[in-house]
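Me: I have a structure open and want a quick walk through it. Can you take my questions as they come?

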Amino acid sequence: MSQPAIHEYDAIIIGGGLTGLRAALQISHAGISCAVLSKVHPLRSHSVAAQGGMNASLGNVPGPGGASDSWELHAYDTVKGSDYLADQDAVVSMCREAAATVFELEHMGTVWSRLDDGKIAQRPFGGAGFPRTCYATDRTGHNMLHTLYEQVTNAKIPVYEEFFVTSLITVSGRCTGCTALEIMTGTVHGFPAKVILMATGGFGRIFSRSTNALINTGDGQTLAIHAGAPLKDMEFVQFHPTTLVGTSILISEAARGEGGILLNTSGEQFMARYAPRSLDLAPRDVVARAIEQEIAAGRGFEGGCVHLDIRHLGADRIRERLPGIRQLAMDFAGIDPITESIPVQPGQHYSMGGIDVGIDGKSGLPGLYAAGECACVSVHGANRLGGNSLLETVVFGRLVADAIIRDIGSIPPPAEVLAEAAVQEMNLKIIGILGRTGGVSLFPVLETLKETMSAHFGIFREGTSMEQGLVRIRELRSQFGNVSLSDKETLANLTLIRYLELEYMFTVAEAVALGALDRKESRGSHTRTDYPDRDDNNFLHHSIARMENEQITILHVPVTLGMFDPQERVY
Amino acid sequence: MLINRVPRLACRTQLGALIAGSLYLTLSDYALPGLTEPWDPAEEVIVEPLPHLPVIKDLIVDMETFFEDYRAISPVFKPGNPDPSKERLMFPLVVRELEQYTPCILCAACYAACPVNRKNPRYLGPAALAKLYRFRIDPRENQGAERLMTADNPEGWWGCEFHTNCRRVCPKDVPPDKAIGHARQELSRMKKDQNSLGEGQ
């Protein structure tokens, strides 16, 4: 075994999506040494797939009756959308920063779609009282990510591409670095650092039908809880109402924002029965439940879906505003939305829960910060509004970087020797995995886990079914102990990466299951048929998942209220 | 999905929706996206990694030289004036022109399909040139033809032979050949103007 490769920086950012790149820019501009570690090239991060847009109360488009938008109204929609589980101080921070953040990206060169007067265009989105969603046709995340990558490249910030983080290094209750496997060579590297910023995105791939990239396996959440940083509100998983049947590829909410409607087999705009005022632009939890109910009642199309009709928008508007989703429908379903309706069904889309952090991004483990989808501040509570995710990534990428810049001066440098030991330990672990023979193969275990999560922890949940699901997760985890890999090479062994990801996925799956069982009410995305109502007396709290001796336990902490008192949530 | 049906074949896949641009390969000697092509399993097809780039393993290529070319054109927005308090105004027609080039996902399909890249590894290639042109026509930059000078040489704009493979293989319908044509015209016009100015003195 050769000498361990050790790279020391003041700050290590894990994840090369919008949050990670925005934070890296800020930290680097402050003169602090930092590097980005990403398991894929940054431009392949899941941020690139965000279609619809980014919310900010610019007020470029007048609202109903000519009313003008404000950050307070944005905050109200966000809190109501969250089913009153969001922390209102965090929501206020995000919504106040929103406009400046859109302008900041514009100043860095992001190409936004424009109105005839030259200002940034805004479109209506689900659960929002105003046309508040700034967009770049239907590839907003793509335009934003390329801009930030251009800036990071220009700033010459080191990016360790295709480095898979294998462990966090902790000493005396502080995070002092990480180890990472260089995927293409099989070498394990050590990264001692004063602080680690986790920006690894969501965990959608623990479900069988998901719009998420294959890389979204909850790596950051699992690394954090194992190192001693609790997770929060893991039971709140967003199911997007409209994903393409067969492939679960996202069909943006922008399709409904532009005027698209959902139809059942009778040709009925059924959302009128579920959300009489907001109709097809009700929030995602409401629309996803409605679609599932239509299908369950026998009013769905073959293959378990409803139709999304945008034909009435006309060819010009579809080509101009929704070119990406048209292309996806043509490439992956053989359907041109200009002439045919798109067959859609709900699919897992977003993780509201994540690493428990405050507005400054500090986790429960000193030295470990988190931001973006892998974190839970919480700005989304029990249900995220469309357009608030891109906003969160860039706002908190910057705010948390500012907190790191403030804190870093008082943190002593980490000991290199600990990183060397951690690298050796990880090398032994990998040799052990690759050396295993016989046993079961990896992919059936992975597929069964995903199916279990979708069957028992999907849109509608019920106590007995979830208990069975939890038992199944644990059985699968013990089978996982016998998995051996057919590919024994160290060079570019992507099967090994899938194995290490699956190991992470089990922890996340169990945290989701335990949180969902513990929460005996229905709120936002978490719908229990055995507890159909929201119960503010007993459950207006966050669920905190902690790990001790490899066991996860759930505790409760209060929600931060403020501007808006909890009310019945109708749309 | 073609590739997922081949066990133990190392390849990069992230989204599976032609959005992230991580998986490109050649089928029958032609660069194609690896995900949407229908495939009859009874039929034998030759699947190969992208050419002109070193192979790491199976279908995985080292993209470093492709990204070196990307970095060579200084791919970052250079504003022509100080940041205003709000957004710089841009008009929809100009944005429509720009949006021909911004969808590029840097997948290197054009780079692999380009006969000039095959002959001359120093040629910047269609993706980098299209990116450079995207900044040139961004009205917020206001640098004029200066932006184009970076590639005013045989390894840049003047290397293209207009085979137009780049446009045909692009999964996002970006037209690098069009960008290259416009850039050449603009540079030629500029040089002609400079010459006639020189003669007049």
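Me: Start with chain B. Among its contacts between residues at least 6 apart in sequence, what share joins residues at least 24 apart?
Reply: This is a predicted model. In chain B, that share is 65%.

Me: What pattern does chain B follow along the sequence?
Reply: It reads β-β-β-β-β-α-α-α-α-α-α-α. That is 5 strands and 7 helices.

Me: And how much of chain B counts as buried?
Reply: 41% of its 201 residues.

Me: How many residues of chain B are in contact with chain A?
Reply: 35 residues of chain B, against 37 of chain A. On the chain B side, strand 4 (55–57) and helix 2 (92–98) each give at least two residues. Helix 2 of chain B has the largest share, with 3 residues.

Me: What kinds of residue make up that side of chain B?
Reply: 20 nonpolar, 7 polar and 8 charged.

Me: Switch to chain A. Which residues touch the most other members of the largest nonpolar core?
Reply: A:Ile12, A:Ile196, A:Leu197, A:Met198 and A:Leu368. The core has 211 residues. Helix 15 (residues 494–518) of chain A brings the largest share of this core, 14 residues.

Me: Take A:Leu197. What does it touch, leaving out residues up to four places away in sequence?
Reply: A:Ala11, A:Ile13, A:Ile14, A:Ala23, A:Tyr369, A:Ala371, A:Val400 and A:Ile404.

Me: Now helix 3 and helix 11 of chain A. At what angle do their axes cross?
Reply: Roughly 95 degrees, for helix 3 (residues 88–108) and helix 11 (residues 388–407) of chain A. The two helices are therefore roughly perpendicular to each other. Their axes come within 9 Å.

Me: Which residues meet there?
Reply: Helix 3 of chain A uses A:Ser93, A:Met94, A:Glu97, A:Ala98, A:Thr101 and A:Leu105. From helix 11 of chain A come A:Leu391, A:Glu392, A:Val394, A:Val395 and A:Leu399. By type, the contact has 7 nonpolar, 2 polar and 2 charged residues.

Me: Last topic: strands 21 and 22 of chain A. In which sense do they pair?
Reply: Antiparallel, over 8 bridges. Strand 21 of chain A covers residues 541–548. One bridge joins A:Met547 to A:Ile552 in strand 22 of chain A.

Me: What lies between the two strands?
Reply: 2 residues, which makes the pair a hairpin. In the turn, A:Asn549 has a positive phi of about 50 degrees.

How values were computed
Residues numbered from 1 in each chain as written. Chains lettered and ligands numbered in written order. Predicted model: local features only at pLDDT ≥ 70, side-chain atom pairs only at ≥ 80, totals over all residues. Pairing = 2+ DSSP bridges. Helix = DSSP H or I, 4+ residues; strand = E, 2+ residues; numbered from the N terminus. Axes fitted to C-alpha atoms, helices over the stretch in contact; angles between N-to-C directions. Parallel < 35°, antiparallel > 145°, perpendicular 65-115°, else oblique. Contact = placed C-beta atoms within 7 Å. Nonpolar A, V, L, I, M, F, W, Y, C, P; charged D, E, K, R; others polar. Core = buried A, V, L, I, M, F, W, Y, C linked by C-beta atoms within 7 Å. Buried ≥ 20, exposed ≤ 12 C-beta atoms within 10 Å, placed from the backbone.
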